[in-house]
Amino acid sequence: MMSSITCSSLASLAPLEAILFDIDGTLADSDPIHYYAFREMLQEVAFNGGDPISEEFFIKNISGKHNEELAHVLFPDWDLERARKFFDDKEAMFRRQVLLLAAEQMEAVDGLGELCRWVEDNGLRRAAVTNAPRANADLLISLLGLDKFFELVVIGSECERPKPFPDPYLNALQGLGISADHAFIFEDSVSGIKAGVAAGMPVVGLATRNPESMLTDAGATMVIKDFTESKLWTALKELAQNTGEIKVIT
């Protein structure tokens with residue numbers, strides 16, 4: 001059952017003007033494809049003695065992190081150019097797998113369509129904010145049919161600092177012309193939640209792959225499994241009721 005603290009933390013945003021979305025693991029459960037690509041390519045370079053990484057290792061050490069950060073985590077002895085080449089190749093493998101498996105594995109997180117319609121019907125501003133390369137972001141957004149939904153796509157590597165720093169979310173707010181006092185975020189990773197909290201916004205965590213406890217410890221206001229959960233819609237309804245109506249941006 002949702003606590004009054006959770007309700008009021010979103011209700012305090014009234015009038016709500018914008019919702020910001022992460023992409024991987026938030027719009028679609030793409031982490032299994034990232035895990036596959038990392039597992040295969042790390043084996044090729046004999047990481048961990050050539051033994052395949054576990055999904056637990058992926059969640060704890062890789063998921064949600066920016067590639068520049070991962071270079072130091074996974075390859076502390078490599079020169080930067082070699083590490084960048086590895087990650088470029090990994091992202092290319094990810095995109096190939098997405099295209100191959102899109103029909104089977106790249107469905108939107110349950111309830112996303114209904115949520116997007118609610119956002120549009122209420123005239124809310126929206127942006128996608130991700131640590132993924134722009135080619136990955138554009139591919140996933142296109143496959144999900146959200147090309148026209150997002151007004152702005154902010155890429156971590158194109159900001160001064162990627163997540164877990166607040167810069168990508170602050171850039172999104174600036175691009176939309178919205179205050180952090182009237183926006184909240186959907187995120188699935190620890191680094192993303194930390195970035196959103198540091199940017200001064202409540203974050204709703206999606207436990208698509210990462211454990212709920214990790215998301216809560218990172219500062220998530222609420223954790224949901226998908227966008228169909230009643231506690232999310234109860235909070236949105238309370239937010240609307242507290243203002244009489246959602247503020248429509250024209």
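Ala127 stands opposite Leu152 of strand 3. This is a predicted model: local features need pLDDT of at least 70, side-chain atom pairs count only at pLDDT 80 or more, and totals for chains, interfaces and linings use all residues. Residues are numbered from 1 along each chain as its sequence is written, and side-chain values use heavy atoms, without hydrogens and water. Helices (H or I, at least four residues) and strands (E, at least two) are DSSP runs, numbered from the N terminus.

**Sheet**

- Strand 2 (residues 125–130) and strand 3 run parallel, joined by four bridges.
- Six strands make an open sheet, ordered 3-2-1-4-5-6, with parallel pairing; two strands pair if DSSP finds at least two bridges between them.
- Strand 3 (152–155) and strand 6 (222–224) are the edge strands, each pairing on one side only.
- Neighbouring strands are turned by 20° against each other on average, direction ignored. Axes are lines fitted to C-alpha atoms, for helices over the stretch in contact, and angles run from 0 to 180 degrees between N-to-C directions.

**Helix 9**

- Ser191, Gly192, Ile193, Ala195 and Gly196 are the buried residues of helix 9 (residues 190–198); buried means under 20% relative accessible area (1.4 Å probe, protein chains only).
- These buried residues pack against helix 8 (167–176), strand 4 (183–187), strand 5 (203–206) and helix 10 (212–218). Contact means heavy atoms within 4.5 Å.
- Gly200 follows helix 9 and has a positive phi, near 90°.

**Cavities**

- The whole structure holds two cavities of 30 Å³ or more. On a 1 Å grid over the protein atoms alone, a cavity is a set of points where a 1.4 Å probe fits but cannot get out; lining residues have an atom within 4 Å of a point. Points are joined across faces, edges and corners, and a volume is the space filled by probe spheres set on the points.
- The largest cavity has a volume of about 290 Å³. Of its 23 lining residues, Asp24, His34, Gly64, Lys65 and Asn131 are the closest to its centre.
- Helix 2 gives the most to that lining, with three residues.
- The second largest cavity has a volume of about 30 Å³. Its lining is Asp31, Pro32, Tyr35, Glu55, Phe58, Ile59 and Arg209.

How values were computed. Buried < 20%, exposed > 50% of the residue type's maximum accessible area, 1.4 Å probe, protein only. 1 Å grid on protein atoms, 1.4 Å probe; cavity = no way out; pocket = protein on both sides within 12 Å on 5 of 7 lines; lining within 4 Å.
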